Each structure stands twice: as C-alpha cells, then as structure tokens.
Amino acid sequence: MTSARTRDRLVRRLKEHGIRTEAVLNQIRNVPRHLFVDEALASRAYEDTALPIGHGQTISQPYVVARMTEALLSGFNGGNVLEIGTGCGYQTAVLSPLVKKIYSVERIPALLKRTRRRLRELDIYNVQFRPGDGWEGWPKYAPYDGIIVAAAASVIPEKLLEQLAPAGQLVIPIGPPGRQELMLVVRKDDHFEQSSLGAVSFVPLVAGK
Ligand code: SAH
C-alpha cells in the first residue's frame, strides 16, 4: 500500500493532469506521505485526495501540492521561501530540497510540535518554524523569493506582498469555500502581476491567532 508501484501510480496521475517539472514529480515519489497521516489512513496516503490530520485540518491533495510547488519554482532563482500553514509538513517536505531555506508559520502549536519532530526524523533541516498568524507573514527574515500559502484567504494579505522580494512569487488560494481560486502573484518593478491557476479547495486562512 505504500509500495513503489502505488507511488508510481500517483506520479502517473499527476503527469496526466499536467504536472511537468521532473524535480517536483521526483519529490512526490520520494516523500513518504504515509508518515504524514494517521496510521489508520496510511493505506490511502498515495491516493490523490486531501485527508484529515486532526484539529479540523487536512493534508493537501498531492496534485495541489505539486501544482503549487511547480508554480512557485517557475521563474525562481533559488533562495528563501515563506510558507504559511505548515500543517503536517507534507508541502514543506516536498519543497525543502528544491529551495535554500523555508520559513514556515502555523497557527496551531500542537500541529507544529508533531511536524517539527516528523521532519527531523526525515532528515530535513533547512526549515525554521514559528507558531503565529500567517496574515502577518514573518517580517524578521523578509524579503522572500517565494511565498506559498496553504489556506484560503478572503483577500491577498498586504503583509505578504510587502515581504515579497523583487521578482518574487506568491502562490495563494483566494476566495470563500466553494469559490476559491489559486492565484500566482509576481512582484514587478512598480506593481504586482496576478494570474489565476484554476479552482481549488482549501481550509480557510483564519484571521488572528
Ligand atoms: N501544508 C499542509 C496543509 C495544511 S492545511 C500540507 O502540506 O498538507 C492548512 C494549515 O493552515 C492548517 O494547519 C491550519 O492550521 C493553518 N492555518 C490556518 N490559518 C492560519 C493562519 N492565519 N496562520 C497560520 N496558519 C494557518
């Protein structure tokens, strides 16, 4: 159920759905997603679906993680990434070898505690975590070459735009439940360029701690 064949099937599905970046597909194959969910759900870990991780939160669908990672890395020259909504750390693990460093913010401390341990056990060390409110970003290490948000906001958070480096890219789901769109925002000289990457379904980016 967690075999190479099962993982290959998932990778094939993502390819059929348009994921092209080899490094991203390799990460989907290599990261042991069954270790990011409850044992009772491990047999479903390589299905292309979101699954519950407790505290009313979910591990993102592999296709969506791949799509967001691919979008973030397009036009990305390496560097630092701010991640909002660490959750179980699956997106973090997929992204970690593809960037220099990840700064990851999660509002539920109990989730963060388990995720810290899990990523250490997987020998992932280029991640710094912080419990906090993602609407504020993480000013201390700004600006970021990429920002990736794993929960849907009503509007693009102003603070995240401020913390984006020149030519930096922000990938974020925007909109109310049932009508969310994945947006790519690129910082140009004197403006931000926005484009839609299609419909998605995320838990809300909760306001405040
Ligand atoms: N990245 C995860 C998905 C996490 S689900 C994965 O790879 O599967 C979204 C996460 O965003 C949840 O853990 C939730 O607690 C967190 N979240 C919601 N609102 C937030 C906020 N304002 N600041 C930080 N994290 C938030």
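Four salt bridges turn up in a search of the whole structure; a salt bridge here is a side-chain nitrogen of Lys or Arg within 4 Å of a carboxyl oxygen of Asp or Glu. The structure is a predicted model, in which local features need pLDDT of at least 70 and side-chain atom pairs count only at pLDDT 80 or more, while totals for chains, interfaces and linings use all residues. Residues are numbered from 1 along each chain as its sequence is written, and side-chain values use heavy atoms, with hydrogens and water left out.

- Side chains of opposite charge can pair when their charged atoms come close.
- Because Arg29 lies in helix 2 and Asp8 in helix 1, the pair ties together parts that are 21 residues apart in sequence. Helices (H or I, at least four residues) and strands (E, at least two) are DSSP runs, numbered from the N terminus.
- Arg29 is partly exposed at a relative accessible area of 27%, and Asp8 is partly exposed at 29%. Buried means under 20% relative accessible area, exposed over 50%, and partly exposed in between (1.4 Å probe, protein chains only).
- Glu47 pairs with Arg44 in another salt bridge, the closest N and O atoms being 3.1 Å apart. Glu47 is partly exposed at 33%, as is Arg44 at 36%.
- Glu136 and Lys159 also form a salt bridge, with their closest N and O atoms 2.8 Å apart. This pair links distant parts of the chain, 23 residues apart: Glu136 is in the loop between strand 5 and strand 6 (144-149), and Lys159 is in helix 6 (residues 158-162).
- Relative accessibility is 38% for Glu136, which is partly exposed, and 32% for Lys159, also partly exposed.

**Nonpolar cores**

- A nonpolar core is a set of buried Ala, Val, Leu, Ile, Met, Phe, Trp, Tyr and Cys residues joined through side-chain atoms within 4.5 Å.
- The largest nonpolar core has 47 residues, of which Ile28, Phe36, Ile59, Tyr90 and Leu95 touch the most other members. Elements giving two or more residues to this core include helix 1 (4-16), helix 2 (22-30), helix 5 (109-121) and strand 8 (180-187). Helix 3 supplies the largest share, seven residues.
- Ile28 touches Leu10, Val11, Leu14, Pro62, Ala66, Tyr90 and Val94, not counting residues up to four places away in sequence. Contact means heavy atoms within 4.5 Å.
- Another core, of 21 residues, lies apart from it and has Tyr103, Val105, Ala153 and Met183 among its members.

**Ligand surroundings**

- Around the ligand are 25 residues, of which Ser60, Gln91, Glu106, Gly134 and Val206 come nearest; a residue counts as near if one of its heavy atoms lies within 4 Å.
- An oxygen atom of the ligand lies 2.8 Å from a backbone N or O atom of Ser60.
- A nitrogen atom of the ligand lies 3.3 Å from a backbone N or O atom of Arg107. In the side chain of Asp133, an N or O atom is 3.0 Å from a nitrogen atom of the ligand.
- On its own the ligand has 580 Å² of accessible area, and the protein covers 100% of it. Accessible areas come from the Shrake-Rupley method with a 1.4 Å probe.

**Ala165**

- Ala165 lies in strand 7 (residues 164-174) and is buried, with 6% relative accessibility.
- Ala165 touches Pro143, Tyr144, Asp145 and Arg187, not counting residues up to four places away in sequence.
- C-alpha to C-alpha, Ala165 and Asp8 are 36 Å apart in space, and they are 157 residues apart in sequence.

Definitions and conventions. A polar contact is a pair of N or O atoms within 3.5 Å; within protein, one must be able to donate a hydrogen and the other to accept it, and residues adjacent in sequence count only if both atoms are side-chain atoms.
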